[in-house]
Amino acid sequence: MIELVIFRTGGVEIGRSSFVPGASDAKSFAPVWSALLRTPEGNILFDTGLHPVHVDRPDATFGPGSLKVVMAKEDAIVARLLSLGVHPDEIAVVVNSHLHFDHAGGNTVREGEDRVRPAFPNGHQSLVVELRETGRVVLCGDAAFTRENLERGEIRAPDEQTAKESLALIRSLVKDDLERVFVSHDAASWSRWKRAPESYR
Ligand SMILES: [Zn+2]
């Protein structure tokens, strides 16, 4: 039996235009989250959130006047895992959707470390999970920032054609049931999901 627990690791204030082509520039809060999968073969962590340096220095990655990061002390990945009763040593596998600062910021957190190296690599993966009671779900990562991306089949991306194909693939994986899709940064969707300590089974 696999149990899926979704939990907050912070947020960013950002315009919808960063997610959806042609959308408004007005800024609003977008959640940043990670997920714990408890499986018979060990714990899997999907994305590691923001580096905790952002608690005291929200502009640590991109500098003053840029993207506004929102992060509380308890959003740090280690604190969140401990609150779920999981020590970091009890994570068997970390799956990163990709290596942007809000998805892989906790990969190398060490005590006393205060530097952040933004990563801008190629490539991305989403995670498909077959749950016994809920059925199939997809943890999108940034393949879909918002539900609107999936509904419109459009997304802001370096390669928009390939990104559109990914959106279509995600829709086909859940037979167009978008309630089975966990998009990366959508406040409205986030508010409807079960979140820690609740879980999907
Ligand atoms: Zn992201």
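Q: What makes E1 and strand E4 (residues 68–70) a pair?
A: Good place to start, and keep in mind that this is a predicted model. Pairing needs at least two bridges between the strands. E1 and E4 are joined over 3 bridges, in the antiparallel sense, so by the cut-off of at least two bridges they pair. To find the spot, look for Gly-11, which stands opposite Val-70 in E4.

Q: How do you know that E1 pairs with E2, and in which sense do they run?
A: The cut-off is again at least two bridges. Here 12 bridges join E1 to E2, therefore the two count as paired. They run antiparallel.

Q: Why is Thr-61 called buried?
A: The term asks for 20 or more other C-beta atoms within 10 Å. Thr-61 has 20 C-beta neighbours inside 10 Å, so it counts as buried. You will find Thr-61 in the loop between helix H1 (53–56) and E4.

Q: What makes E7 and E8 partners?
A: They are joined by 3 bridges and run parallel. As at least two bridges are needed, they therefore qualify as a pair. Val-183 in E8 is the bridge partner of Gly-141.

Q: Which residues have the most contacts inside the largest nonpolar core?
A: They are Cys-140 and Ala-144, in a core of 34 residues. Elements giving two or more residues to this core include strand E1 (3–15), strand E2 (27–39), strand E7 (135–141) and helix H5 (160–173). E2 gives the most, with 6 residues.

Q: How do you know that Cys-140 touches Val-183?
A: Contact means that the C-beta atoms, placed from the backbone, lie within 7 Å. Val-183 is among the residues that Cys-140 touches, not counting those up to four places away in sequence, and others on the list include Ser-126, Ile-170 and Phe-182. So each of these pairs has C-beta atoms within 7 Å.

Conventions: Residues numbered from 1 in each chain as written. Predicted model: local features only at pLDDT ≥ 70, side-chain atom pairs only at ≥ 80, totals over all residues. Core = buried A, V, L, I, M, F, W, Y, C linked by C-beta atoms within 7 Å. Buried ≥ 20, exposed ≤ 12 C-beta atoms within 10 Å, placed from the backbone. Helix = DSSP H or I, 4+ residues; strand = E, 2+ residues; numbered from the N terminus. Contact = placed C-beta atoms within 7 Å.
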